[in-house]
Amino acid sequence: GFGLVALLTAGGEQIFSAVVFKCPCSSWSFAYGSVFLLVPALVLLMLGYMLSDRTWKLFTGVCIDDNSVCRKGKLCACFKVFALISVKAMVAPISWIAVALLNGSYFECAMTGLNSTLYTAAVCEGKPRACEEELQRVPCGKSSMSSSDSQDVLLIIKAQSQTLGWVVIASIMVSGLVLTCMARCRSPVSYLQLRFWRAYTQSENDLFEKMSSEHARKLAERNLTSFFQLRQPAPMETPDAKAWKKISSLYKFGNTDHYYSNLHKYVETHSDHARLSVKSEEGDFVNPSVLAFVDDGKSVF
């Protein structure tokens, strides 16, 4: 879950900082340090969106499907769904920024290259004049100040960086706790049913991956056998496009019938006649936040 993503991001940041990062100690320091602090976080955010199954459920076919949640008249619902996607996608980038601030290397490089008289004067208070003139050279140990003065300046900047890092961590933890409590207190199902629901969703996703791969293999084998042996293909049932669309849409929670997924709802409510023409069910795309996991399947590009 989120903990594993945060740990992997933290480990990647440590390796990245030790192997790749080299502060130029010049006028490029601010830009260089800022890029290493923020751009990897942006890349991780984009990856979070790309690897989210719910992202592609939301946007696939949106340009041609009038019933899509992101079509005109449903933008508010679209925004709320996208906000839920963003919350999960932000785990890795925020972890990167927090760990990078606790490490302090990127922040030190960036702030020593910051072209701000006020900041430079505050950091160099009580230090020789060379501190303000050569601040950008301090991280590389190339300033004319004594080693102790240089260390004092770097300790001040690192303390600022680590303070910001802990503020970010504390803010995220408090926000996460508050949002989780709000989601749970508005849950339409009990705690134990919610645990069962999560277990069902995980099992359905795992079995779907396994059975869809097996069905695709059998269909490919049947077609190739027919092609190379020059004979009619053996009959084989495969869901039609409407059925696939039905189970691929965003989950819509209903107040009367609690289906555990779109697939569950489809197999419980469809008939041979209904399969020929699958209509959209009434419901709200903005489900209770506690049920956000239902659409989080295993994304495949």
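## The model

This is a predicted model, in which local features need pLDDT of at least 70 and side-chain atom pairs count only at pLDDT 80 or more, while totals for chains, interfaces and linings use all residues. Residues are numbered from 1 along each chain as its sequence is written, and side-chain values use heavy atoms, with hydrogens and water left out.

## Disulfides

A disulfide is a pair of cysteine sulfur atoms within 2.5 Å. By this rule there are three disulfides. In one of them, the sulfur atoms of cysteine 23 and cysteine 109 are 2.1 Å apart. The torsion about this S-S bond is about 85 degrees, so the disulfide is right-handed. It links distant parts of the chain, 86 residues apart: cysteine 23 is in the loop between α1 (2-19) and α2 (29-50), and cysteine 109 is in helix α6 (residues 105-112). Helices here are DSSP runs (H or I, at least four residues), numbered from the N terminus. Cysteine 23 has a relative accessible area of 18% and is buried, and cysteine 109, at 1%, is buried too. Buried means under 20% relative accessible area, exposed over 50%, and partly exposed in between (1.4 Å probe, protein chains only).

Cysteine 25 is joined to cysteine 140, with an S to S distance of 1.8 Å. This link is right-handed, with 90 degrees about the S-S bond. Cysteine 25 lies in the loop between α1 and α2 and cysteine 140 in the loop between α8 (129-133) and α9 (147-185), so the pair ties together parts 115 residues apart in sequence. Cysteine 25 is buried at 8%, whereas cysteine 140 is partly exposed at 33%. Cysteine 124 and cysteine 131 also form a disulfide, with their sulfur atoms 2.0 Å apart. Its torsion is about -70 degrees, so this disulfide is left-handed. Both cysteine 124 and cysteine 131 are buried.

Cysteine 181 is in no disulfide. The sulfur of cysteine 185 is 7.8 Å from the closest cysteine sulfur, in cysteine 181, which is too far for a bond. Cysteine 181 is partly exposed, with a relative accessible area of 44%, and cysteine 185 is exposed, with 62%.

Note on methods: Helix = DSSP H or I, 4+ residues; strand = E, 2+ residues; numbered from the N terminus.
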